[in-house]
Amino acid sequence: MNGARPELLLSIGGGWLLGGVIALLEFAYYYPLVAPDGAGAGLLLSLVIVWGGEGMILGLAVGLFERTVWPRLLSVGQLLCAVLVGSLAGVPAWQAFVEGVLRDRFGLRRLRDYMGQPVDLASIVFYNIWLMLIFGGLAAAAYLFWQRHVRMLAQLRSAELAREESQRRLAQTQLAALRARVDPDFLFRALQCLERLYESHAADADRLMEELIAFLRTALAEERASGSALY
Amino acid sequence: MQLSVRPGSLLRGGGIAVAAAFALSTQFLFQLELYETWPLAGVLRGWLDYFAEVLTVVGIVFAGMGFVASLHLAPGARRHAMFVAAIAAGALAGEAAVLAQAPLPPDVPAAGVLLAKVARWLVLGGLGYAVFNLVRRSATAASQAHESELQRIQLERQTAEAHLQSLRAQIEPHFLFNTLANVHRLYRTDPELGRTMLVDFIGYLRAALPQMRSDETTLGQELELARCYLKVLQVRMGDRLRFQLDVPGDLASLRFPPLALSTLTENAVKHGLNPLPEGGLIEIAARLEGRRLTVRVADTGAGIRQAGGSGVGLANLRARLAALYGQAASLSIEANLPRGIRATITVPVRSE
């Protein structure tokens, strides 16, 4: 998800899905109130077309806003703008489209056709704008914060990986530091001993020096072999 | 079962509930047909009534969610399901209470309306709950990532320190072997000279030991280390190695990166004088220029072209300088006319 370009089609589809959910809710509410016998399917279809279209325009608005600020995420203010534009412009536009084009072409009946009393188109537009603002706003916020959440999780994961890598490097370096050490204290004391020993027992000192050199050669050869030499 | 609700979260939950109820109640004002039939005051009074209804439902929903929160369930799907159930139950109870206050006309099926309203509350509440959770979890993830980043920086620092430690802890193996082998041989042929060399080497170790322990040394200590080193080698190389130290006494107490001077001195001997049969001269000079301390190691040795080695020692030194001083310190290597190499370290003088 992180790094993928926001797809306009995806936000349009998401918007239609949201509209569908609103249509279902509206249908559940109005069906018992207004439905004449056998008109359920037509009512549901008309609600899905009306609300789906409005949701689609809202999704389009959010998607277009998202494109302009890519690759950052939308801020809350930008999201609010997208929702306002999508609702205030999208709802009247889609209502006009349904009223002027779809209604006559396909014999589509609308909620207000089912209502007993005549309902003004303007009041339907206003009512839909409100629903779109609330539901669309909430859904867009959920979408936005979900994206933030996904991005944050990816960031967390890469931070964790980097931390583990650092941990591993530290352990390696500490090990190398341990291996690379010819204990200077040991050497210091050994040489002081040797110096005194050369005064009194030169032959013993001579043998001891040979052993010391042999020991150091072995120790340093091991260090070289382990690849921890730092020169 | 332990019930505990902090007053802060109670207040916050109440605030969110009132704000949500207010936002949802504005639906009433978007019914244009009301303005045609009612006077404005009537519409406003109706809005207030509607606000009270919505607030009742939202309040009961939030009370249910607060109850679930107070159960302190383990995070997971079960907890989410409990919250959603609380939303549904709260909405059902709230809408039922509202219906009891203002009954529907007898021809409207109350159960269907109730169900539709609960479904609507579920969608709204579910979305709100999702937003709330996502915001909170993002914040948690962000703080965890920040924490992890801090730890990483800490680890990097420790790694750099361990690296420096291992650089400091080592005594150049060739130097060590050659010296000991020389001492060993000299004690057989010329015990007095062997003793001199051993004493000088012990002196070198004595000077080197504090450097291997501490993070920062003074220029005086560094210079003493270089002097001991050169003296030990002088026993072996004789006239082939001559050196001059030109460091004003008042600079001895200035701070200087550990083993930086040693690295340059060792390089000057190993790559500069050693390849030449006639040897040469090494000059170490330090100057204070304003707030910058410049230390120069110049040799009359084989020069840059002949200088062997992979330059790893110098690269390490550059890295150490960068770690200690950033951009403020520099190391430059140039030709020393008429022959040899001149290496210059410049570090800022620290006030303390």
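# Worked exercises on a predicted two-chain model

Thr344(B) sits in strand β7 of chain B. The model is predicted.

## Exercise 1. Surroundings of Thr344(B)

Decide whether Thr344(B) is buried, exposed or partly exposed, and list the residues that it touches beyond four places in sequence.

**Solution.** 
- Count neighbours. Thr344(B) has 16 C-beta neighbours inside 10 Å.
- Apply the cut-offs. Buried needs 20 or more, and exposed needs 12 or fewer. With 16 neighbours, Thr344(B) therefore counts as partly exposed.
- List contacts. Leaving out residues up to four places away in sequence, Thr344(B) touches Thr294(B), Arg296(B) and Ser332(B).
- Check a distance. Ser330(B) is 14 residues from Thr344(B) in sequence, and their C-alpha atoms are 8.0 Å apart.

## Exercise 2. The sheet around β7(B)

Give the strand order of the open sheet in chain B and find which strands stand at its edges.

**Solution.** 
- Write the order. The sheet has 5 strands, in the order β2-β4-β5-β7-β6, with mixed pairing.
- Find the edges. β2 (241-246) and β6 of chain B each have a single partner strand, so one side of each has no neighbour in the sheet.
- Neighbouring strands are turned by 15° against each other on average, direction ignored.

## Exercise 3. Pairing, strand by strand

State the sense of pairing for β2(B) with β4(B), β4(B) with β5(B), and β6(B) with β7(B).

**Solution.** Strands of a sheet pair through backbone hydrogen bonds, in either a parallel or an antiparallel sense.

| Pair | Sense | Bridges | A bridge |
|---|---|---|---|
| β2(B) and β4(B) | parallel | 6 | Asp246(B) with Ala285(B) |
| β4(B) and β5(B) | antiparallel | 8 | Leu288(B) with Leu293(B) |
| β6(B) and β7(B) | antiparallel | 6 | Ile333(B) with Ala343(B) |

- Look at the turn. β4(B) and β5(B) form a hairpin with 2 residues between the strands, where Gly290(B) takes a positive phi near 65°.

## Exercise 4. Helices across the sheet

Which strands do helices α8 and α9 of chain B lie across?

**Solution.** 
- Take α8(B), residues 219-237. This helix lies across β2 and β4 (280-289) of chain B, at about 165° to β2(B).
- Take α9(B), residues 260-273. This helix lies across β2, β4, β5 (292-299) and β7 of chain B, at about 20° to β5(B).

## Exercise 5. Backbone exceptions

**Solution.** 
- Read omega. The bond between Leu337(B) and Pro338(B) is cis, with omega about 5°.
- Pro338(B) falls in the loop between β6 (330-335) and β7 (341-348) of chain B.
- Read phi. His72(B) is not a glycine, yet its phi is positive, about 55°.
- His72(B) is in the loop between α3 (40-70) and α4 (77-101) of chain B.
- Judge exposure. His72(B) has 11 C-beta neighbours inside 10 Å, so this residue counts as exposed.

## Exercise 6. A helix pair in chain A

Describe the packing of α2(A) against α3(A).

**Solution.** 
- The axes of α2 (residues 40-69) and α3 (residues 76-88) of chain A come within 8 Å and cross at roughly 145°. The crossing is right-handed.
- Name the residues. Ile57(A), Leu58(A) and Phe65(A) are among those from α2(A); Cys81(A), Val83(A) and Val85(A) are among those from α3(A).
- Sort them. The contact has 10 nonpolar residues, 3 polar and no charged.

## Exercise 7. The interface and the whole of chain B

**Solution.** 
- Count both sides. 65 residues of chain B meet 59 of chain A.
- Sort by type. The side of chain B that touches chain A has 41 nonpolar, 17 polar and 7 charged residues.
- Step back. Chain B has 11 helices and 7 strands. Of its 352 residues, 30% count as buried.

Technical notes: Residues are numbered from 1 along each chain as its sequence is written. Chains are lettered from A and ligands numbered from 1 in the order in which they are written. This is a predicted model: local features need pLDDT of at least 70, side-chain atom pairs count only at pLDDT 80 or more; totals for chains, interfaces and linings use all residues. Helices (H or I, at least four residues) and strands (E, at least two) are DSSP runs, numbered from the N terminus. Two residues are in contact if their C-beta atoms, placed from the backbone, lie within 7 Å. Ala, Val, Leu, Ile, Met, Phe, Trp, Tyr, Cys and Pro count as nonpolar, Asp, Glu, Lys and Arg as charged, and the others, Gly among them, as polar. Two strands pair if DSSP finds at least two bridges between them. Axes are lines fitted to C-alpha atoms, for helices over the stretch in contact, and angles run from 0 to 180 degrees between N-to-C directions. A crossing is left-handed if the near helix is turned anticlockwise from the far one by less than a right angle, and right-handed if clockwise.
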